[in-house]
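Subject: Structure for you to look at, with notes

Dear colleague,

Here is the structure that I am handing over to you, together with its sequence.

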Amino acid sequence: MDFTSQELVRLRVAAGVDPLWETALSLHLLQNRTAPLTFGPWRREVGAALRRSGLLPAAHDLMRLCPDGAYFPDFLTPGRGDADIDTTLDLLLATPRRRLLAELTRLHAHTRGPVPPGVRLLADGCPKALRRLGASLRAYYRVAVEPYLPAMRAEAATDRARRADAALAHGAEGMLTGYDDLPGWEYRQGRLSAPYPVDRALLLRGRALTLVPAFFCVRAPLVLVNESLPPVLVHPLAPAPGWLERRRGAPAGPTAQLIGSSRAELLRMLNHPMTTTDLAAALRLAPSTASRHASVLRDAGLLLSHRQGLRVLHRRTRLGEAFLDGGLG
């Protein structure tokens, strides 16, 4: 991917994880064995939850529509990381019939299997079929993605802060150079190279590129196949193995009762230093509320705050670690 100076100026970073991109990528993870240390526990937990809720048949239908392969339809991921599930589903349901037909025809040219009757209705733009798809995606999202949003948002907030620091220090090119820490990624002299699954050049043609962080993206980036659509580059957040176990170990019971559930969750998120703005976005709190919570935790000796340039970063203290671990005997 080559950038002109105009395209570098127009580069933007999404506000956070995108609900339908994460839904599609999580469906891929359920179909493969990629990153077993990081996502194996999540697969087992979500598989059990889908069985309990009776959603396995719907999930299998979604996997056929969104296979882990060389192609899945662009209309399933209309967002750019700046909307909630209801807004992005509204965009999906408004997909023009001509585009539905073209993308679903292309999908089944790749899979070479019989086109299920429900997909034929969807390709025809049948309102009932579209509503059924929307309901299935929402139900699956509630089970497979929504319960993990705190961890996902914390990773995205940390990534966004790191990109912002690089952009402030070195401009847009510095922000792109920061992707060199991902395996196979490199930015040199206006060109960003990444380990895309097939040989592909993304042509921006002067348009603004949106960088979308994705929790369930593993190693390789993703872009939309249709080059006439607003360009996005979906890149992995690469959560560390054990993230699910840490989530299960979030303060609860007496600990949360002692300092409050919001403060307990805020403290748990500080695996990496974060700003008040990052914490507020991850926890869906007003910045002033997040600041008050941080102040209370700082006064209790559970976190430290220090200024870095124009920002104030918070991190857990050893006392805060012990508090989370239940080690305050």
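In strand β4, T210 is the bridge partner of R12. Before going further, please note that this is a predicted model, in which local features need pLDDT of at least 70 and side-chain atom pairs count only at pLDDT 80 or more, while totals for chains, interfaces and linings use all residues. Residues are numbered from 1 along each chain as its sequence is written, and side-chain values use heavy atoms, with hydrogens and water left out.

On confidence, the protein chain has an average pLDDT (the predictor's confidence in each residue, from 0 to 100) of 87, and 94% of the residues score at least 70. Among the elements of the chain, helix α2 (residues 19-31) has the highest mean pLDDT, 97, whereas helix α11 (residues 254-259) has the lowest, 64. Helices (H or I, at least four residues) and strands (E, at least two) are DSSP runs, numbered from the N terminus.

The parallel sheet

The bridge between R12 and T210 belongs to an open sheet of three strands in the order β1-β4-β5, with parallel pairing; two strands are said to pair if DSSP finds at least two bridges between them. Because β1 and β5 stand at the edges, each with a single partner strand, one side of each is left without a neighbour in the sheet. Strand β1 (residues 12-13) is joined to β4 by two bridges, and β4 pairs with strand β5 (residues 232-236) over five bridges, with A214 opposite P236.

Strand β4 (residues 210-214) is mostly covered, since five of its five residues are buried, where buried means under 20% relative accessible area, exposed over 50%, and partly exposed in between (1.4 Å probe, protein chains only). In a regular strand the side chains alternate between the two faces of the sheet. In β4, T210, V212 and A214 point one way, while L211 and P213 point the other way. Helix α9 (residues 149-177) lies across β1, β4 and β5 and runs at about 150° to β4; axes are lines fitted to C-alpha atoms, for helices over the stretch in contact (heavy atoms within 4.5 Å), and angles run from 0 to 180 degrees between N-to-C directions.

The antiparallel sheet

Six bridges join β7 to strand β8 (residues 311-316), and L304 stands opposite R315 in β8.

In helix α5 (residues 85-93), the buried residues are I85, T88, L89 and L92. They cover an arc of only 100° around the axis, so they lie on the same side of α5; the arc is that of the directions from the helix axis to the C-beta atoms. What covers these buried residues includes α2 and α8 (127-144).

E103, in helix α6 (residues 97-111), counts as buried because its relative accessibility is 6%. The side chain of E103 reaches the backbone nitrogen of F75 at 2.8 Å. Leaving aside its neighbours within four places in sequence, E103 is in contact with Y71, P73, D74 and F75.

V119, in helix α7 (residues 117-123), is also buried, with a relative accessible area of 14%. Apart from its neighbours within four places in sequence, V119 is in contact with L65, L104 and H108. V119 and P57 are 62 residues apart in sequence and 15 Å apart in space, C-alpha to C-alpha.

Most residues other than glycine have a negative phi.

With best wishes

Technical notes:
A polar contact is a pair of N or O atoms within 3.5 Å; within protein, one must be able to donate a hydrogen and the other to accept it, and residues adjacent in sequence count only if both atoms are side-chain atoms.
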